[in-house]
Structure formats: structure tokens, C-alpha cells
Amino acid sequence: MAKKRRPQTKAATPQLVDGEVPVVGAREPCPCGSGRRYKACHGRAAAQAVTELVRRPFEGLPGECDWVALRELVPAATASLTLKDGLPEDVPSVTLATVLPMAWPALRRDNGAVLLGLQNDTPSGDISRDLADVLRRALTARPGTPVAAERTVADAPRLQDLLDLDAPFVPEVHSGFEFWVEDAGNQSPEVAASLERANSAALPTVRLEGVEAAYWCETPEKNHLRWVMPHPEEQLLDALARLHAAGASSLGGDTRLVGSFRAHGLVVPVWDLPSAMGAEECEKPAAAFAERLADALAVTTPLTADERRARSGFTNRQVTLN
């Protein structure tokens, strides 16, 4: 015998006629008055908005390329952050850090200062919104405590809403993680051992001074230059292909443009360097390459056959980091 369908009932009177629908528990009735659970009604669109991937989460922030580098490439670095509305009276400073102890999303120091961690897993598809949420809660956290990540709502503020967009963003690259503690030279043996382990895993890294967002790093076999660039991907790949086909894509003898990363909507060309080539030796070749690249970016004619082959080689070797 067929089972009887239970007739669907409607809410006697809608709870809301106009305006925003508030967020409630996923299994609770939707406040709009539809009679359905929130997760099957207005919660569906809200959940999708929160989880949808934002391709360029740092777009619009000063130093977008450096934000990407600190998120994906640089082991140990910090940068001072300036809030749009100023600091609360009991917060002396806010500092962005690549990594914090125990991978904490944020930390409120004993003196009230806030450290915000960048290289963490985030609960939604918008890193900027997740970081902004952690930052807001860190500003009011009890001094001496870490701050955990939580899922945010789709219309929550982003970093672009909280930070002063006219303030410069100047990363400081460190050789280790001593910035984790307020007095690195006077720590317990346990903390000292933890710092030693973290420092031993960090590749030596230097930010070049003559060009923006270019980072030299040392590895056991060879050195590398990884350069986060702001140009649109298709235009940049065409320009790199033109230079490569013309024999002008290297940074000097025994260096080679080997490919690129794609990270947070930007392209990161990568060069192999000989072990003897340090960061200082990269400065002049990088500045000269920047001039050649600017000229190549201005060319709008179709690629030649050799340039198309070079471009195909770059795209085949491109690795997406996020």
C-alpha cells in the first residue's frame, strides 16, 4: 500500500516581508516564513556565497603581490598593518606574520599587541574575509591568548574594509621565527628548542630592493628567484614568451626562466640561479629584466611561431598553488 504523503504546511504569517533574512541554525525554520529549514532556503545561497572561491583575495590592498608572496613563498616575514579606524587604546600594534606558533590564526600578546597569521587553512573561499574576521576578534581577545578561526557570513567585512588602503605595506623578511616571542634571548629550554626546529626548516630568503615582490631563496642544489607580478596572466605570458624566444628571459649567465606558479590570481615567474648567485647579485639583472618586460608588455602584435612554442612551454610547466 502506497504511503500517504503528508501535506506540506505553510507558515501562517511570514515572519519577514522585506529586508535582510537573519542567520539561524541550519536545521531551524527559515526566518523568511517559507516553512522550510534555513539550510534548504535562504541558507543555501548564504553557504554558497561563503564557500565560493575568491580568485584574487588580496586585490585592492597595498602590496597585493607581497601579500601573495608572504602567503605562499616566504617562510618567515612580518609587516605592520594600519587599521582604517585606528587602533583600540589597549592595542599598541597589529602585525601580519607568515606563520605563528602552533599555526595559530592570530595571537594577542601579553602587552596587548596583535599578531595575525597569514599561512593558515581558512574556513571559506575568501581568505581576505577570514583574515578580517580573525583580526577583529583578536583586537578584543584577552591578552596572552591565541585566536582560532571561525566560519564567517558572506557579508562580513574583508581586509579591504578594515585596513588603511593608503598606508604602505612593507614586508620584513627574517632569517628565523624569533619574532614569535617578545624576548627571544630569554626563553625556556622548551621554547628555545621549538624555535630551533622551526628555524631549521626555513629556507634562507631575501626580498630584492630594486624591484617589487621579487624574492631570492637558497636551496641545497641551487638558488631561485620567485617574482610575484601584478600583470594580467595572458598578457604576462605573452610578454615572457616574446622575451624567451628572443633569448632575453634570463637573469644572466647560468640562470634560466624555468616556469611559473599561479597564486591567488597572479602569476609568479621562477628562475633557477647558480648556487654562487646571492640576492645582491640578482638586483641589477632583475632591474634590467623589469625594463625588458615593460617593453614586451607593450607589444600587441600576434605571437610568432617561436613565441607560441615558448608560451606553450611556460603554460605546460605552470603550477597552481591555491
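**Terms and their cut-offs**

Analyst: Phe58, Trp67 and Phe169 form one aromatic cluster. The model is predicted: local features need pLDDT of at least 70, and side-chain atom pairs count only at pLDDT 80 or more, while totals for chains, interfaces and linings use all residues. Residues are numbered from 1 along each chain as its sequence is written, and side-chain values use heavy atoms, with hydrogens and water left out.

User: How many aromatic pairs does the structure hold, and why is the pair of Trp227 and Trp271 called tilted?

Analyst: The structure holds 7 aromatic pairs. A pair of aromatic rings is described by the distance of the centres and the angle of the planes. Rings of Phe, Tyr and Trp (its six-membered ring) pair if their centres lie within 6.5 Å; planes under 30 degrees apart count as stacked, over 60 as edge-to-face and the rest as tilted. The ring centres of Trp227 and Trp271 are 5.9 Å apart and the planes stand at 45°, so this pair is tilted. The pair links distant parts of the chain, with Trp227 in strand β9 (residues 223–227) and Trp271 in strand β11, 44 residues apart. Strands (E, at least two residues) and helices (H or I, at least four) are DSSP runs, numbered from the N terminus.

User: What makes Trp227 and Trp271 buried?

Analyst: Buried means under 20% relative accessible area, exposed over 50%, and partly exposed in between (1.4 Å probe, protein chains only). Trp227 has 6% relative accessibility and therefore counts as buried. Trp271, at 0%, counts as buried as well.

User: Which kind of pair do Trp271 and Phe289 form?

Analyst: Trp271 and Phe289 form an edge-to-face pair, with 5.1 Å from centre to centre and 80° between the planes. This pair also links distant parts of the chain: Trp271 lies in strand β11 and Phe289 in helix α7 (residues 279–297), 18 residues apart. Both Trp271 and Phe289 are buried.

User: Where does Gly112 lie, and how do you know whether it is buried or exposed?

Analyst: Gly112 lies in the loop between β3 (106–108) and β4. Its relative accessible area is 2%, so Gly112 is buried. Leaving aside residues up to four places away in sequence, Gly112 touches Asp90, Val91 and Pro92, where contact means heavy atoms within 4.5 Å.

User: What is a nonpolar core, and which residues touch the most other members of the largest one?

Analyst: A nonpolar core is a set of buried Ala, Val, Leu, Ile, Met, Phe, Trp, Tyr and Cys residues joined through side-chain atoms within 4.5 Å. In the largest core, of 38 residues, Trp67, Leu135 and Val228 touch the most other members. Helix α3 gives the most to this core, with 7 residues. Apart from it lies another core, of 27 residues, among them Leu225, Trp227, Met229 and Met277.

User: How many helices and strands has the protein chain, and what share of its residues is buried?

Analyst: The protein chain has 8 helices and 12 strands. Of its 322 residues, 44% are buried.
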